[in-house]
Each structure stands twice: as C-alpha cells, then as structure tokens.
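Thanks for coming, everyone. Let me put the model on the screen, and then we can walk through a few spots together.

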Amino acid sequence: MAARRIHQNCSGRVLFCFLLGTLWNAGFGQIRYSVPEEMEKGFLVGEIAKDLGLEPRALSEGGARIVSRGKTQHFALNVRTGSLVTANKIDREELCGRASVCTINIEILLEDKVKIYGVEVEITDVNDNSPRFETKETEIKIIEKEVSGTRFLLPEAFDLDVGINSLQSYQLSPNHHFSLHVQTGTDEAKYPELVLERALDREEEPVHHLTLTASDGGDPVRSGTVHIRVIVLDANDNAPVFTQSLYTMSVPENVPVGTLLLTVNATDPDEGINGKMTYFFRKITQKTSQVFRLNSLTGDITVLENLDYEESSFYDIDIEVRDGPGLLDRAKVLIKVLDVNDNAPDIIITSVTNSISENSSAGSVVALFNVQDRDSGVNGQVTCSIPEHLPFKLEKSYGNYYSLVTDRALDREKVSMYNVTVTATDGGNPPLSTFIHISLHIEDTNDNPPVFVQTSYSVYVMENNPRGTSIYSLTARDPDREENGHVTYSITDDSVHGAPLSSYVSINSETGILYALRSFDYEQFRELKLGVTAKDSGDPPLSTNVSLTLFILDQNDNAPEILYPTFPMDGSTGVELAPRSAEPGYLVTKVVAVDGDSGQNAWLSYHLLKATEPGLFSMGLHSGEIRTARAFVDKDALKQNLVVTVTDNGEPPLSATVSVTVAVANTIPEILSDLSSLASSEPPKDSDLTLYLVIAVASVSCLFFFFIIILLAQRIYQWQTSKILESTSEHFQNIPTSEFVGIDGVRAFLQSYSHEVSLTEDSRKSQQAPPNTDWRFSQAQRPGTSGSQNGDEGGTWPNNQFDTEMLQAMILASANEAADGSSTLGGGAGTMGLSARYGPQFTLQHVPDYRQNVYIPGSTATLANAAGKRDGKAAAGGNGNKKKSGKKEKK
C-alpha cells in the first residue's frame, strides 16, 4: 500500500510539473519545464521540437545538440522523437542545496541555422531526505538549583529538502520535569528549547533521559531523533555571555591563508572551573570547517585555505561558548567574501568553420562562441573584440553568445588565410583578458583572368631558322589556384599569304613556348602578326588575348645578282665599244647589280678583278661604272677582257662575277678591218665555216649601208615635218622598250646614228643633236644601285654613250661570231644579233625592283627614293641629260 501511495504521489507531481511548465511557457514566452528530482534516466521532460515549432526530423537534420560548455549534462536530446529527457538521476539537494527554487538552464544549438534556443528546467523537490541531527546523543548539564522556566538549547535537526518536505516540527518524549518550546527565527528556522518545568533534585534523579524527534511535512512523513541526557549538577549560577550576539565582517577572496579574520569574546563572572570558557563551532558544514579555524581558548577565527568568491560568497557560522560546568552562550558570525578580479573570461567555441569561399556575401557566419566570466559585477562584465583591419566583425547573439561574421567581400588573391584573434576582456581593475585564435582558409573562385606581362610582344627571328625551333616563351600569370589558375595557350586562327597561320607557327598549350613550323624567308615576308589567347581552366573559364608581332631578320643568304651586262642565251658574246680617242675618265659601260637582302647585306661594292691591260680601266667602288683610267695607245689590244666582281657587305660576304669585253676602235670600218684581221689571224677551223662567215660579214656590211641610206632619208623628212615629229616623239616616250624588238628596234637605233656614220672620226668631237631616246631606258629607268647616286666617280651616263652601245654591240657581236665560228650571223633574220641581247627580256617590267632593299652608303636614302627623285627630274627636264652628255662627249 505504501509503494502504491508513493507511485500515485509521483504521478500527481509529474502531472503538476507538466502543467506548471505549460503555464510558464504561456506566461513568460520562454520555454520552461519542470521535472521532479530523482527521476530515472530517460524520463520525459518535454516535447522540445513541438514547443520550438519544429518538426522532429528538423532536429536530426539540423544537427541539433545541447551545448555543454564543459559542464555535466543532466538532460539529453532525443532527436528522433523531438523530446527532452533526463540523462541521469538528478539530486536537487546536491545541485542547489537549500535554495527555494532550483533551475537548470540549457542551450540547444541548431548547427545548420547556427541558432541557439534557451530552455529553463526547474527541479522540484521530492521528500527524499529525513531530518537528522548532528549527533545521535547530546548531553545537557543543569544545576539542581535551576529555577523553573529556565530554557536550555537543544540540538537542531537539518533537513536538506525544502518547502513542505523540510523540517516542520519537534516532539519531546513524555517526562515529568521538562517541556519543549520551539522558537522560530528571522530566517524561518526552528530552534528547539528544553524548558524546565519542575525543579530538579540531583539526589532524587541525577540523570534524565529524553528523546527529541524532528519531523518533516512530506508524504509520507520522515523524521529523525536525538537522545538527550540531562545531568543534574551542583549549582553554577553564571553562564558565559558573548560580548555581542552577531559578528559581521567582509573579507576579499584573495586574503592570504592564515589571516586572522576576527576574535569572538565571551565573559563569565564565575571563578575556577565554572568560569573557564571554551569556544566551539556549531551547526557548521564540513566545507566550512575546512575553510575556517576557531581557537577554542582565545576565540580567534583564522583562514585555513584560499577563499573563492565564485564558490561561496557568504558564510553563516554559529559559535558556542561553554564554561566548565557546561553553561553556554551562542553567537552568530557572518562573513561576506568580496569578489576580486581573479578570473579571466572563458571563451567556448560552439561552432566554427575552417574555410569559406571568397565570393561569400557579407554577413556569412564563420564561428559561434560563448563568453563567461566567473567573477561578478563589473569584474564579470565581458567585452569581445577582434583586430580592426580584418574583414570580419562580431555580432551579439543569444545571451552571452557572439557570432563572427564577414564584414565585406573577401579576396583570396590578396589574403588566402586569416588568423582571427578574438579577445575577451572583463571590466576589472586591472582587466583580465582571454584570447582564442580562429584559422580561416579562403577558398578560391575563378575571379581573375590570366594576365600577360606586356600588352603586346615583338619577337625577332633570324631568317633560315631550322624547323621546330623555339622562338619565344609567353607567360601569363593567373593569381587563382589549382584549376582556376591553370593556364593554357592557343593561337588565334588566321591566314598568312593564303596559308593558315597554324602552318607557320605553333604554341605549346602548357608552357606557352612558340615554335616555328617552317623556315622563314626575309625576302618572302618581313613580319608575321598573330594573336595569342591565355585561358584558365575555371568554370566558366576566363581568358586574355595579346598581340605578337614576329619580325623576320635578314640574313646574308642572297648573293648579288648582276642585271647588266647580260649575255644572249644563244651563245653570242656581249661587247662594249670604246673609241681610241676616248680621254681618261671616259664612261665605257656600267655594271648593274642588285641584292635580294636588305640593310648592310645589300650594300654592294664593285671591284675590277682582272683586266687584259692592267691600269687601263678603273672601276667605281659603289657605282659600278667602268671608265678609262688613261688614254688608249696603239699597242693596246682591240679586245679588252675585264672580270668584275660584285661583293655585298654581309657576314660572311657573298659575291658574283661577270666578264665584260670592250672593243677599242674609232670608226666602224676600222672596227670591221680590225675584226677581219683579227679573224684572219686565227687559223681556220673549217673551210666551209670560213666561207659562211665571209658571206655573213659582207651581207651585214651591205645591209648596214642600206639602212644608213634609209635613215638619212628619214632624218631629212623629219626635219621637214618637225611639228609632226615632236608630237610623235612625245608619243614614243611613253611606249615601253620591250615593244622595240627585231628589225623595228634596229631601224629605230640606226635612225639616231644616220648622221654620225657619215662623218669622219674627228667629227665626233663636234657638237651634235641629241639622238631620239624614245625606244630605250631613260637615265632614271636604268637598273642598278648606282643609277640613283653620285658615287665616288660622280656624273650620270652620257646619252650618246648608250646609243653607241647599240651599234657597237651589233657590229662586234657579228665580228666575234664570224671570228669565233660559234654562231650564224645573229640572233634572228634582220636583227644582226640584237634581239637576243636587247629583246623583251631586258625591259623594266622584267627587272625586279630591288631599290627598296639597297641603302646608299653615306646616305639615309634608299635607292627607291633616289630613283624617284631622278625620275621626276627626267620627266620635268625632257632631254636635259642628253645635252650634258653631248658636252661631256665633246670634251
């Protein structure tokens, strides 16, 4: 029956606790529960998920947990059912002592939301403790002369329960001499007193045995007893008396061990054994007895160990003084412990992340931590701070919780890791601080494109490079990391001279090294423009373009090319004509050469390598002009063979040679006779061939005189129709030379010599009209590097010199062919061997324009510029050069 009654009482109390929790929850807007002490592990405290407005699965999915902060947890969270249960048996007396209200505050953390919920659970008392006395037996000595009504203090009982379950009443066993009186103090404590109702007689009964019973108000009632033995003494009519009934003092918690706090004092007028007093602690806990020491003879109270305000801030001590016979008095000592700032704040990290993306928005939570200080008052007021220069800030959260959040955008490329120092400082004097360090790694995002060192690149490569040669190494930097910073290179697709750019160059996608896929030729193209793209491997990828210009550098890989003199392809030999009456400095001919290279590789120099008569001719170093160095003498041979070498200025230099044959004679008959004698002096190789040559010479002579007659007739006719001829002359000046070939070319050439051949050899010295130059190159159009410059020889080619070249070449070519027996009478019928030499292959349209490649030594101009200026003068001045040449020829 008793067990059943206890079960019913517990059930009623549980129901009452739930009702009380509901009322609290509704009344104060905070989650509060109530649970009786001594409940078994797993006892339901409350439906926490429901009260928080959450689904039960939200607790498990959200990582809900109870924040322990290093303390013993009395409750557990059942995330499956969403309920709060007890984790073990709870002893209210051990947890809260005799406090009227015992509550436990817990915090529930939702990890995913980084949110804290506070829950308050009241532990209600259960009558699990009986009143008990400090001793099982006590002794009271009473003088036999003691008057009725005298009161004697009895031992007090202690009940750890509170409220109705605490000590409620005392009962004294029945007797004839004593009664019980219970006095209620200001603190609602009950003090039992033994009242003498009848005088004692030691001789009648020296010892009286009594039983004092203390009972609580629980259901069922619990009680405790103490045996009282009353000894009747002889008379001692004065009891000790304290000088004050209450002693109070305040002491700082850091007072040194052994310090004398105070001295209690009592007086007894009796003498001897009746006046000897002894001091005792009464109603003192074991902990208090370990902290303080009372000198039983002097009444001095000293400190035995360090005081701790945070452990106990107040001590209530009862002191008793007794004389020899046993009379006593009681006093109370109240010691207040003053707080000293001896505890630094505690920082407990509840939740923290080790990394965060650099593109996280401001306000992202990095860490959640709790701050506590065991001190009180100002000493327990804590402020938190972090360095100002960091992109973070602290936000006050629930209770003493702080959140470390981002304050602005992060940039991993500037700072990849932060060591955040959180400082908690209390308000004491001096203040105490605690530091914690939170390491935060910044995760990379692809927010930086690759960057080249330069905005554009210029690369110089020597021509004739081997295929596959590395040309240049491009590097683009990407401050991102891993895939976001992995850069690959590519060339923008394009075409060069109709071929894809990829057939010229390629690039290593990983290293950025540029390779040449073919050997470059400076003469083919001078530069190559391409675009290079650097792209990272992020998602999405970022890229940067840069332009690169590849300049081809010239190499001396082209030997000079001799344009004039050139020899017919039919095997005949070209001959230049020089009159024996020529004075020193007479321009015999001019070697014209070009070089496909540029710069100093195209600077040409001319040297006379070999001559039949050394010292007879001189060679213009840069002009290529062959002039007479002295006057001809009779012993000089008719046929002068010269070997000219043309060398460029490259390293190593390249050269070309040409042979020039110069025929020396004053008149055409003299040339023919000299040629005949020259031919007859050679032994005949073939009789038939000699016959053919004689016939050819005769035919040429006849044909020559025939043409002279026709030319003279035409000249007379032209003088009569000068106006018509002037317009005709202007028309012929614009006709290319290549149109005058064959018979027509010879006829046009002979017209210019129709009057000259009829004169004597001395008439050459007189002034004569300038010949018609419509059919041939103008002075500005003559090919070569020296036509546009005045070299060290100076002057331009005389106009009549080129006219005589045609006639001389025609005659001497025929003579050489007859003498050598190597050919027939010429290159074609009626051309006298001129078509092969002066045919359409030697026209301006068949001469490559190398003038832009040739630099004039000692000048900043190129041959093209010089030639342009010369051409302009020729167009404006007409035949001005012809008159100069005539005067020079006259000299």
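In which sense do strand 50 and strand 51 pair, and over how many bridges? They pair in the antiparallel sense, over three bridges. Before going on, some housekeeping: this is a predicted model, where local features need pLDDT of at least 70 and side-chain atom pairs count only at pLDDT 80 or more, while totals for chains, interfaces and linings use all residues. Residues are numbered from 1 along each chain as its sequence is written, and side-chain values use heavy atoms, with hydrogens and water left out.

On terms, strands here are DSSP runs of E, at least two residues, numbered from the N terminus. Two strands pair if DSSP finds at least two bridges between them.

Back to our strands. Strand 50 covers residues 617–619, and Ser618 stands opposite Arg627 in strand 51. The hairpin of strand 50 and strand 51 has five residues between the strands, and Gly624 takes a positive phi near 80° there. Strand 51 also runs antiparallel to strand 47 (residues 587–590), joined by three bridges, with Thr589 opposite Ile626.

Now look at the two faces of strand 51, residues 625–628. Glu625 and Arg627 are on one side, Ile626 and Thr628 on the other, and all are buried (under 20% relative accessible area; exposed is over 50%, partly exposed in between, with a 1.4 Å probe and protein chains only). Glu625 is buried because its relative accessible area is 3%, and Arg627 because its value is 6%.

Those two side chains also meet in a salt bridge, at 2.9 Å from N to O. By salt bridge I mean a side-chain nitrogen of Lys or Arg within 4 Å of a carboxyl oxygen of Asp or Glu. By this rule the count comes to 23 salt bridges.

Another one joins Asp444 and Arg412, at 3.0 Å from N to O. This pair links distant parts of the chain, 32 residues apart: Asp444 is in the loop between strand 33 (433–443) and strand 34 (451–452), and Arg412 in the loop between strand 31 (401–406) and strand 32 (417–426). Both Asp444 and Arg412 are buried.

Glu482 counts as exposed because its relative accessibility is 63%, and Arg481 is partly exposed at 44%. There is a network of salt bridges too, including Glu156, Arg282 and Asp316 among its members.

Next, some backbone details. As a reminder, most residues other than glycine have a negative phi, and most peptide bonds are trans. Where are the cis bonds to look at? One joins Asp219 and Pro220, with omega about 5°, and Pro220 is in the loop between strand 15 and strand 16 (223–233). Another joins Tyr564 and Pro565, with omega about 0°, and Pro565 lies in the loop between strand 45 (561–564) and strand 46 (575–578).

Glu38 is partly exposed, since its relative accessibility is 29%. Asn464 has a positive phi near 65° as well, in the loop between strand 35 and strand 36 (470–473). With a relative accessible area of 37%, Asn464 is partly exposed.

That is my tour; happy to go back to any of these spots.

Note on methods. Helix = DSSP H or I, 4+ residues; strand = E, 2+ residues; numbered from the N terminus.
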